[in-house]
Amino acid sequence: MTSVIELEQLSVTFGKRRILKSLDGALNGRSIGLLGPNGAGKTTLIHTLLGFHPPSSGTARIFGQDITHNAKQVRAAIGYMPERDSFIGKMSAVHFVRLMAELSGIPASHALERAHEALFYVGLGEARYRPVDSYSLGMKQLAKLAQAIVHGPKLIILDEPTNGLDPPTRSRMINMIRQIRDSGRARILLSSHLLRDVEECCDEILVLKDGYLVANCNLEEERKANRKFIELETRGGDRTAFAEAIGGLGCEYALSGERRMKLIMNETVEISDLYRLALAHEVQIRRLNFKRDSLEDIFLKAMETNGRATNGSL
Amino acid sequence: MAVYEHLYRAYDGEEVTHWSRFLVIPRYAIRDVFKSKLFTTLFILCFIYPLIAAILVYLRHNANAVSLLQINISELLPIDNTFFSTFVGLQGSFAFILTVIVAPPLISRDLANNALPLYLCRPLSRVEYVLGKMAVIGFLLSCITWIPGLLIFLLQASLAGVGWLWSNLWMAWSIFFGSMVWILLLSLIALAISALVKWRVVASGAMLGLFFVPSAFAEIVNSLFLTKSAHLISLWATINNIWLGLFRLFERQTGSVRGTVSNPIYERQFFDIALLEPPLWASWLVVVLICGVCVLLLARRVRAYEVVT
């Protein structure tokens, strides 16, 4: 299967500064989160994928098309929502989105209908005849999203889509991104410094630090893997015998304090087995938590990595 | 899909060809330009002289109409290269006025609103973007320069006969090429200024300044140093020389002035100084250089994002 984005020793240099340093990896997620601290190279990577900056070495492919040699085909498959305010002055939203649709190749006869659709979809249906420069910040973000999706691209690149949005509008934006992701009709590349946004929308993440790719992991798999780590809080009974019985099932365990116990579950062991053993040893299980790494843990681990430590899963 | 079904939908319909997408830019811009009553009025006024020229051509070949109007036919202008050169020069002046009105916001507005990433993230190259913007000026100026010029030429040819057409066919090329050179020069200069300056008024001012300040300066230098060489820095004089060249009317010596030398031994001596226009190749070189500089400026400024190194 063709990857959504393939990076092949991709480097970008501005003058003497190397911004992106030999990025390698293949991204296949339905929604890919691009994370990193300020100055890590997230926006430069997006701009390079869009052909705004030429790679100084290496290349990247989007849906198998080389970004340098097939720039037009690549851009035809992409919808881009920039981070900063971007619109065409003195133009109503419907004209603005229609112009963008036509520039993407949609015939004039269909472009108007698509523009109305996109604006209704993002929730600007009632305000679509107002000039975009008169919009509030939240409305401008929605108009930017409308122009990014009007031509039905296969990949939608969103650069900080929730910047400056109030909580209800942010929630609406996140819901729309998830809807698009779940529709399966477009892949999403979401760049954000807000971990919560990425956690809510993405199933794969790419973490950049100082121009290096320091982590590329599938959040879904990470979440599944984390289901193996369990914390138990128990009361009464013979706790040691209970722990040894669990160990007898092939699970690793560690007792901490008088009531707590940490387990790494064997693949063949189910939660019901734990309850069965607890009953046998007259131990009450008062609390059972899947101890999973949050995105924050993953991100912080990646940030501890020095330079180009890992190109691949954490 | 109806608008009430608020779902994301991919587009799987037909698409227009890649090469023609840049034409969307002039289509929208021209629609926008004609919303201005001032511009529409000026645009209509630009057709007055072509109308007069067409009437003159008609009268020249219609003895009945001339006698009816009681005009002496010899008083009418001869329809020759001077007639068409004057036409191109006059319509060229109107073209300049239209450019000053239309061109300044073309790129500056996109730069001010950070719209370039939106254009360039689509299957549209920087060259196509600039071509699209040039097409706005090109279309409007063509409507008032070479298109009516060639129509008048055809009217004259149809009235004067095939013999006149064949012997003067080169003039059709001069009308077209002379106008196109002016359109190219105006549009490149105007777009380069528009790409440098974000404010429309400043861009218009810069455009006027670029055309009039060096011309005034050139006239001062010419007067002081008894020469015509300074015409090279005047865009008006340069394009005028090119037009004269294309219509086979160019003469290097356009006059002479009488100079004096005071000598303590002899009496004051008078002598004539020939006033020589710069050679035609020099005028062409100036135009090419200006176009080159404008292209470089556009290449530098028309980018999705400016890279600070």
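Mentor: Residues are numbered from 1 along each chain as its sequence is written, and chains are lettered from A in the order in which they are written. This is a predicted model, in which local features need pLDDT of at least 70 and side-chain atom pairs count only at pLDDT 80 or more, while totals for chains, interfaces and linings use all residues.

Trainee: What pLDDT does chain B average?

Mentor: Chain B averages 90, and 93% of the residues score at least 70. pLDDT is the predictor's confidence in each residue, from 0 to 100. For the complex, the predictor gives an ipTM of 0.85 and a pTM of 0.85.

Trainee: Why is chain B called more spread out than a compact globule?

Mentor: The radius of gyration is taken over C-alpha atoms, and the globule rule is 2.2 Å times the number of residues to the power 0.38. For 309 residues the rule gives 19 Å; chain B has 25 Å, well over that, so chain B is more spread out than a compact globule. Along the principal axes, its C-alpha atoms fill a box of roughly 95 × 65 × 35 Å.

Trainee: Which helices of chain B supply residues to the side that touches chain A?

Mentor: In total, 34 residues of chain B are in contact with 42 residues of chain A, contact meaning that C-beta atoms, placed from the backbone, lie within 7 Å. Helix 1 (24–33), helix 6 (104–112) and helix 7 (116–120) of chain B each supply at least two residues of that side. Helix 7 gives the most, with four residues. Helices are DSSP runs (H or I, at least four residues), numbered from the N terminus.

Trainee: Why is A135(B) called partly exposed?

Mentor: A residue is buried if 20 or more other C-beta atoms lie within 10 Å of its own, exposed if 12 or fewer, and partly exposed in between; C-beta atoms are placed from the backbone. A135(B) has 19 other C-beta atoms within 10 Å, so A135(B) is partly exposed. This residue lies in helix 8 (residues 126–144) of chain B. Not counting residues up to four places away in sequence, A135(B) touches L23(B) and P26(B).

Trainee: What makes L184(B) count as partly exposed?

Mentor: L184(B), found in helix 11 (residues 169–196) of chain B, has 17 C-beta neighbours inside 10 Å and therefore counts as partly exposed. Across chain B, buried residues make up 35% of the 309 residues.

How values were computed
Two residues are in contact if their C-beta atoms, placed from the backbone, lie within 7 Å.
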